Amino acid sequence: MEMSKDFELRCVLCNRRFSEGEVEYTCPHCGLNGTLDVIYDYGQARKELNKEAPGSLEDWKSGMWRYWPILPVHRREHIPPLAVGGTPLYENKVVASKYGVKRFLVKDDGRNPTGSLKDRASAVAVARALDLGREHISCSSTGNAASSLSGFAAVTSRGATIFVPESAPVAKITQLLVYGARVVLVKGDYKDAFELSVKAIDHFGWYNRNCAVNPYLVEGKKTCGLEIAEELGWQVPDYLFVSVGDGCIISSMYKAFYDLVNLGMVDCYPKIIGVQAEGCSPVYHAVKNNLSKVAPAQKSDTLADSISVRAPRNWAKALRAVKETGGSMVAVKDEEILDAMKELAVNTGVFAEPAGAAAYAGFCKMAAEEELDSSATAVVVTTGNGLKDISGARKAVGPPLVTRADLGEFIEVIKESSVVGKNFCRSLEARN
Ligand SMILES: *Cc1c(COP(=O)(O)O)cnc(C)c1O
Ligand SMILES: [Zn+2]
């Protein structure tokens, strides 16, 4: 392989540095907990990536690939042919004034090709697999990483074996099967699926797309944070809300701003706020109790399947993201997630799956508790599309009206319902 870029890997726990060829996944001294950061030659990268030249078209039709100098892929012809990133950041004044912040924006990452932010990571995973000449890729997943990998493996003709908990939503399992991956439903939860995948990947020598193991995947996810900064004109938002499962997305938001600070493109970090479901909130508990490690949760009891993670694998980077940015963690109830899903859709037009809406629920909760500054700019990232989990979404809404195809009956039926739109906002009014 021709090494076109210079970067090192640095362990989040012991700070040891490694060259690219020296280690493949995690720190040999710290084991699976020692996840690695990719550290670029920022002096070199600065020449190609700066405020005057914020990015270039490296294909596939740009999107996330515009930040090419700080992406860990060597050959641009290995960029997979599916359009990732460049998702919209919507500003919403109604939400801003309701919750008493200066600006509110939502980044709709459910608009990616397989419907979640995970596509940013999968795109890098398959590009790396192509760089390295690896034929078969594998991961375990609560669902979205899996459906994403299967899509990207399909377009790059790689084989994929994917482990998901048997309780994963039907839509996600269907996506996997449609893209032609070998799908294994593991009896148990995500922790069980992860543990089996680690053994199988080792046994068969497959390329590992587990985000908290493979250091390059957070690099893909960070492009969401880079886009937010760029869309805000390189102004750093005061608060950045993301939901937390394994802790990779929250770590990637930190990494986005770490890179931008090192490139001299911004001079500070947003306060990163991680949101978990109360029914499974190990990172929240570690932060609230000021612990230096995250202990696995006893149970995972939430409808937000994508963040139903008892033993977060990227816990060390997740804690760093919160602590070093002056951020915090919030835990929200499933009912708050469902209310948030509906309210977000009504106010902004963004329909997010439960784990995506959880970030908005965290924003609402902190705002209601007056923990946000009135002069603040808050950005919420919705990480997955609402159509991923229809049975979750149906719990958030009432039944539709039903009528025979008869105008008289229709007129009677709508008398009992209030004006369209407004009647969906019960929770909004109740909160006021
Ligand atoms: C994976 C996922 C998350 C959580 O990301 P982690 O990196 O596991 O913390 C949140 N929302 C959605 C929709 C996801 O697919
Ligand atoms: Zn280490």
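In these legends, Ala, Val, Leu, Ile, Met, Phe, Trp, Tyr, Cys and Pro count as nonpolar, Asp, Glu, Lys and Arg as charged, and the others, Gly among them, as polar. All the views come from a predicted model.

**Close-up 1. The shell around ligand 1.** Here we look at the 16 residues that surround ligand 1. The closest of them are Lys118, Asn144, Gly245, Gly247 and Thr383. By residue class, the shell divides into 7 polar, 5 nonpolar and 4 charged members. As for its place in the protein, ligand 1 sits in the largest cavity.

**Close-up 2. Backbone contacts to oxygen atoms of ligand 1.** Take a moment to follow the backbone here. Gly245 places a backbone N or O atom 2.7 Å from an oxygen atom of ligand 1. For Gly247, a polar backbone atom is 2.8 Å from an oxygen atom of the ligand. Ile249 also takes part, with a backbone N or O atom 2.8 Å from an oxygen atom of ligand 1. Of the 380 Å² that ligand 1 exposes when taken alone, the protein buries 97%.

**Close-up 3. The zinc ion (ligand 2) and its cysteines.** Four SG atoms coordinate the zinc ion, coming from Cys11, Cys14, Cys27 and Cys30, at 2.3 to 2.4 Å. Along the sequence, these donor residues follow the spacing C-x2-C-x12-C-x2-C.

**Close-up 4. Geometry at the zinc ion (ligand 2).** The arrangement is tetrahedral because the 4 donor atoms subtend angles of 106 to 112 degrees. For comparison, the ideal angle for four tetrahedral donors at a metal is 109.5 degrees.

Technical notes
Residues numbered from 1 in each chain as written. Chains lettered and ligands numbered in written order. Predicted model: local features only at pLDDT ≥ 70, side-chain atom pairs only at ≥ 80, totals over all residues. Heavy atoms only, no water. Near = heavy atom within 4 Å. Polar contact = N/O pair within 3.5 Å; in protein donor to acceptor, adjacent residues only side chain to side chain. Areas by Shrake-Rupley, 256 points an atom, 1.4 Å probe, with all protein chains shown as cover. 1 Å grid on protein atoms, 1.4 Å probe; cavity = no way out; pocket = protein on both sides within 12 Å on 5 of 7 lines; lining within 4 Å. Sits in = over half its atoms within 2 Å of the grid points. Donors = N, O, S within 2.8 Å, 3.2 Å for Na, K, Ca; no water. Tetrahedral: all angles 85-135°; square planar, octahedral: opposite > 155°, others 65-115°.
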